[in-house]
Amino acid sequence: MAGKTDTKKPAKPSKKRSRKESKHRSFRISPRKFLERPVKISSSWRLLRDSFSFIFSNKKLFLGLALLFTFIQFSIVVFFGAGIDLDSAKQQIRELLGGEASPYTVAYGLTSYLFVSVQQRNNEIIGVYQNFVTVIFMLATIWTIRQKTAGEKIRFSDMFYKSQYPFLQFLVIIFILGLSLIPLMIAGFFYGTTIVQGIAVSVIEQALWVFLCGLLVLLSIYIIIPGLLALYIVTLPEVSPSSAYRSAWRLLENKRFAVGLRIVAGYIFVFIFTGIIITILSYLLTPFSELIFYIVSFFSILVLNIYTYKIYRELL
């Protein structure tokens, strides 16, 4: 045992785990692939479902907003004496359509009359006051959505006291959104003049005019989308309209098509759903049609605001 020598095997050098070095360098122009962050936007159906769920979980706040909005709007109508006699209108529609007119036809005619009457009022002084109130409530709604999404507890009065500071900036964004609708209005004018009035006779002419109108509609949607996101960015503290638009364009980089699809799908669904609800309730509860119009209109604006805000949050 004396001749036995201790031989120790040399220890293997331990392998250190290291992260693969990124090729991106600060203060140097890098390829786009190193700067992009993958963003997965939820489907339109999920966004709508989450929007309705958000309203239900905060139903007391939003119901209070809806009732106050309806009360103020209807008070403006009463003050200016611009109420709509829908009972007489309903009777006249039945007489025009004949005794065998279906309830669906009468309901559609009544709703059309209601929408046309409200649109005519928007062109008068009463429309200025009602639009002013709508902007105030939109700011309150956006502020409330942002606070409740962050899990904050708020008072009802806070929705108005703490939300109105970006009023002018918000109006600037709305004005730019109005300008963004110009291509859409031109498309409507061209379509009505060439297709509806029959100026374009041949199939080739009609196809070319429809194609041109389609391009104008797409152009309008293209420039409207950043404006919709800018509405939520400009309500942040110390953000100018130009900064809000630049941020919106950056958020939409390489994602405009996906966002546009969801906005178009969601907005079309809400508009159709709103029209159906107003049509049914106005026919069944004709004396209260104006009140129904304002309540349902507010909730449709609320759903669209939550829907668009969720898209905006997913892009961050």
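1. The loop between α9 (203-233) and α10 (241-251) holds E238; helices here are DSSP runs of H or I with at least four residues, strands are runs of E with at least two, and both are numbered from the N terminus. The phi of E238 is positive, about 55°, although E238 is not a glycine. Most residues other than glycine have a negative phi. E238 is exposed, with a relative accessible area of 85%. Exposed stands for over 50% relative accessible area, buried for under 20%, and partly exposed for values in between (1.4 Å probe, protein chains only).

2. This is a predicted model, in which local features need pLDDT of at least 70 and side-chain atom pairs count only at pLDDT 80 or more, while totals for chains, interfaces and linings use all residues. Residues are numbered from 1 along each chain as its sequence is written, and side-chain values use heavy atoms, with hydrogens and water left out.

3. A second residue with a positive phi is N254, which is not a glycine and has a value near 65°. N254 is found in the loop between α10 and α11 (256-284). With 60% relative accessibility, N254 also counts as exposed.

4. On confidence, the mean pLDDT of the protein is 84, and 86% of its residues reach 70 or more; pLDDT is the predictor's confidence in each residue, from 0 to 100. Confidence is highest in helix α1 (residues 44-57), at a mean of 94, and lowest in helix α3 (residues 86-97), at 77. Over residues 26-30 pLDDT stays under 50, and the model has 3 contacts beyond four places in sequence for them, a contact being heavy atoms within 4.5 Å. Where pLDDT is low, the predicted coordinates should not be read in detail.

5. The count of salt bridges comes to 3, each defined as a side-chain nitrogen of Lys or Arg within 4 Å of a carboxyl oxygen of Asp or Glu. In helix α1, R46 and D50 lie 4 residues apart, about one turn of the helix, and their side chains meet in a salt bridge of 4.0 Å, N to O. An α-helix has 3.6 residues a turn, so residues three or four places apart point the same way. D50 also forms a salt bridge with R49, with the closest N and O atoms 4.0 Å apart. R46 is partly exposed at 44% relative accessibility, as are R49 at 46% and D50 at 25%.

6. A further salt bridge joins R155 to D158, with the closest N and O atoms 3.2 Å apart. R155 is exposed, with a relative accessible area of 56%, whereas D158 is buried at 7% relative accessibility.

7. Helix α7 (residues 167-180) has 14 residues and reaches 20 Å from its first C-alpha to its last, close to the 20 Å expected; the expected span is 1.5 Å times one less than the number of residues. Buried in α7 are F167, F170, I173, L177 and S180. Seen down the axis of α7, these buried residues fall within an arc of 130°, so they line one face of the helix; the arc is that of the directions from the helix axis to the C-beta atoms. The buried residues of α7 pack against α5 (125-149), α8 (182-196), α9 and α10. On the other side of α7, L168 and F175 are exposed.
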